[in-house]
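User: I'm new to this one. Can you walk me through it?

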Amino acid sequence: KVFLREKTEQKLEEARAIRLREVVIMIQKHVRGFQARLRYKKLRNAVLTIKRWVMAYLTRKRFLSFRKAVISLQAFVRMRLQRKRYIEIRDARRREVEELRRMQEEEEA
């Protein structure tokens, strides 16, 4: 160690202590910033994962609701078409039966 006067050595030690304190604070600042960024990234990923799951759930729920509505609508339309066909067949059969009765009545008369 270099021998200095007491007063000069004391000034140097104070400057060294001040500089050391500044360096420690700077290192702490960088470490805390790094830790905060890591926490933020983890939290953001967690939020995005939850959001993705919720959106998938809501999309599936909406899809199932639409599918149920479409199936109900299809069933209604098919029922109406079948009913129309049934009425046409029934009326045609009634006309045939009436025609046969008329023909039989004409033959009897």
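Analyst: One term before we start. Buried means under 20% relative accessible area, exposed means over 50%, and partly exposed is in between (1.4 Å probe, protein chains only). This is a predicted model, where local features need pLDDT of at least 70, side-chain atom pairs count only at pLDDT 80 or more, and totals for chains, interfaces and linings use all residues. Residues are numbered from 1 along each chain as its sequence is written, and side-chain values use heavy atoms, with hydrogens and water left out.

User: Okay. How many helices and strands are there in the protein?

Analyst: The protein has one helix and zero strands. Both are DSSP runs numbered from the N terminus: helices are H or I with at least four residues, strands are E with at least two. Helix 1 covers residues 6-108.

User: Is the protein spread out or compact?

Analyst: Spread out. Its radius of gyration is 46 Å, well over the 13 Å that the globule rule gives for 109 residues, so the protein is more spread out than a compact globule. The radius is taken over C-alpha atoms, and the rule is 2.2 Å times the number of residues to the power 0.38. Along the principal axes, the C-alpha trace spans about 155 × 15 × 10 Å.

User: What share of the residues counts as buried?

Analyst: Of the 109 residues, 0%.

User: New topic: charges. How many positive and negative side chains?

Analyst: There are 32 positive and 14 negative side chains, and the centres of the two sets lie 20 Å apart. Lys and Arg count as positive, Asp and Glu as negative; His and the chain ends are not counted. Each charge is placed at NZ of Lys, CZ of Arg, CG of Asp or CD of Glu.

User: And how many salt bridges?

Analyst: Five. A salt bridge here is a side-chain nitrogen of Lys or Arg within 4 Å of a carboxyl oxygen of Asp or Glu. One of them joins E13 and R16, with the closest N and O atoms 3.7 Å apart.

User: How far apart are E13 and R16 in helix 1?

Analyst: Three residues, so about one helical turn separates E13 from R16. E13 is partly exposed at 38% relative accessibility, while R16 is exposed at 52%.

User: What does R19 pair with?

Analyst: E22, in a salt bridge of 3.6 Å, N to O. R19 and E22 are also three residues apart in helix 1. E22 is partly exposed, at 43%.

User: Which residue does E99 meet?

Analyst: R102, at 3.1 Å, N to O. E99 and R102 both lie in helix 1, about one turn apart. E99 is partly exposed at 39%, and R102 is partly exposed at 43%.
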